Amino acid sequence: MGSNRLSNNLRRLRFENGQMTQQQLADKVSVTRQTIIAIEAGKYAPSLPLAFKLAHTFGVSIEDVFQYENEQS
Amino acid sequence: MSRLQKAAWFNLAMITICIIISIPCIFFLARENAKGIEYLLTCFVMACLVSPVAYVLLKKKSFETGFDEREKMINRRAFTISALCLIIFLACVCTIPFFVLGGQNVIKVYYLPLIFFCSIFTAQFAHSTAILIQCTLEEEDGQ
């Protein structure tokens, strides 16, 4: 059995882009701040359109924001 | 507090008001055994009291369209939980009297509207509570 996890660099990207706050990012991609918090904490895997929106906001590719980890045990 | 949590608290408050208004009216109707014009008048008064609350609850649906995808997912999960609670509640309400009183016994008719209002309350209560619990758990995990 293996477990899948979606990690992300949202927090780092926010700070690299002028210390953007969670609220500012949330406003840019039309979601709530709670959703950004949940994504950053890895508690919520966003939909593909939202993932693309987040990547476009920072001007990077989707792989630079999200990484898929498949841990085999 | 997020918009979803506010909606859940609002929902819970409104449905509680609705129940507080309607259940005494049903008990009054049952106790008085009202018939004819008296019965219609009491039903009219009850409808006048309950309908503004029901209207506000319906209007809330337009508020919910502004939810983002995570909130919609939480809402869908809460709806599934509330449907499950409703089925369990109805199963208990219908089968417990059968086993306790026996198949040949009778129950009073005024229990029927009470079961209806209690079913709505159970579903709404489960829905709102499920939303609030999910939000609280997420906040705790995020800290």
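**Notebook: salt bridges and cores in a predicted model**

I began with A:Glu40 and found that its side chain meets that of A:Arg14 in a salt bridge, 2.6 Å from N to O. This pair joins distant parts of the chain, since A:Glu40 belongs to helix 3 of chain A and A:Arg14 to helix 1 of chain A, 26 residues apart. I noted that the model is a predicted one.

I next checked the burial of the two partners. Both A:Glu40 and A:Arg14 are buried. A:Glu40 counts as buried because its relative accessibility is 16%, and the cut-off is under 20%.

I then looked for a further partner of A:Glu40. The side chain of A:Arg11 also meets A:Glu40 in a salt bridge, at 3.6 Å from N to O. Here too distant parts of the chain are linked: A:Arg11 lies in helix 1 of chain A and A:Glu40 in helix 3 of chain A, 29 residues apart. I recorded A:Arg11, A:Arg14 and A:Glu40 as a network of salt bridges.

How many salt bridges are there over all chains? I count three. One of them is formed by the side chains of A:Glu16 and A:Arg12, at 2.8 Å from N to O. Both residues lie in helix 1 of chain A, four residues apart, which is about one turn of the helix. A:Arg12 is partly exposed, with a relative accessible area of 42%.

I turned to helix 3 of chain A as a whole. Its buried residues are A:Thr35, A:Ile36, A:Ala38, A:Ile39 and A:Glu40. A:Gly42 follows this helix and has a positive phi, near 75 degrees.

Which residues touch the most other members of the largest nonpolar core? In this core of 19 residues they are A:Leu10, A:Leu25, A:Ile36, A:Ile39, A:Leu54 and A:Phe66. Helices 1 to 5 of chain A each supply at least two residues of the core. Helix 4 of chain A gives the largest share, five residues. Apart from this core I found another, of 12 residues, including B:Ile21, B:Ile23, B:Val53 and B:Phe117.

I listed the contacts of A:Leu10, leaving out residues up to four places away in sequence. A:Leu10 touches A:Leu25, A:Ile39, A:Glu40, A:Leu54, A:Phe58 and A:Val65.

Chain B has four helices and zero strands. Of its 143 residues, 33% are buried. Among its contacts with a separation of 6 or more, 87% join residues 24 or more positions apart. The chain exposes about 9100 Å², of which carbon and sulfur atoms supply 73%.

How values were computed:
Residues are numbered from 1 along each chain as its sequence is written. Chains are lettered from A and ligands numbered from 1 in the order in which they are written. This is a predicted model: local features need pLDDT of at least 70, side-chain atom pairs count only at pLDDT 80 or more; totals for chains, interfaces and linings use all residues. Side-chain values use heavy atoms; hydrogens and water are left out. A nonpolar core is a set of buried Ala, Val, Leu, Ile, Met, Phe, Trp, Tyr and Cys residues joined through side-chain atoms within 4.5 Å. Buried means under 20% relative accessible area, exposed over 50%, partly exposed in between (1.4 Å probe, protein chains only). Contact means heavy atoms within 4.5 Å. Accessible areas come from the Shrake-Rupley method with a 1.4 Å probe; for residues, only the protein chains shown count as cover. A salt bridge is a side-chain nitrogen of Lys or Arg within 4 Å of a carboxyl oxygen of Asp or Glu.
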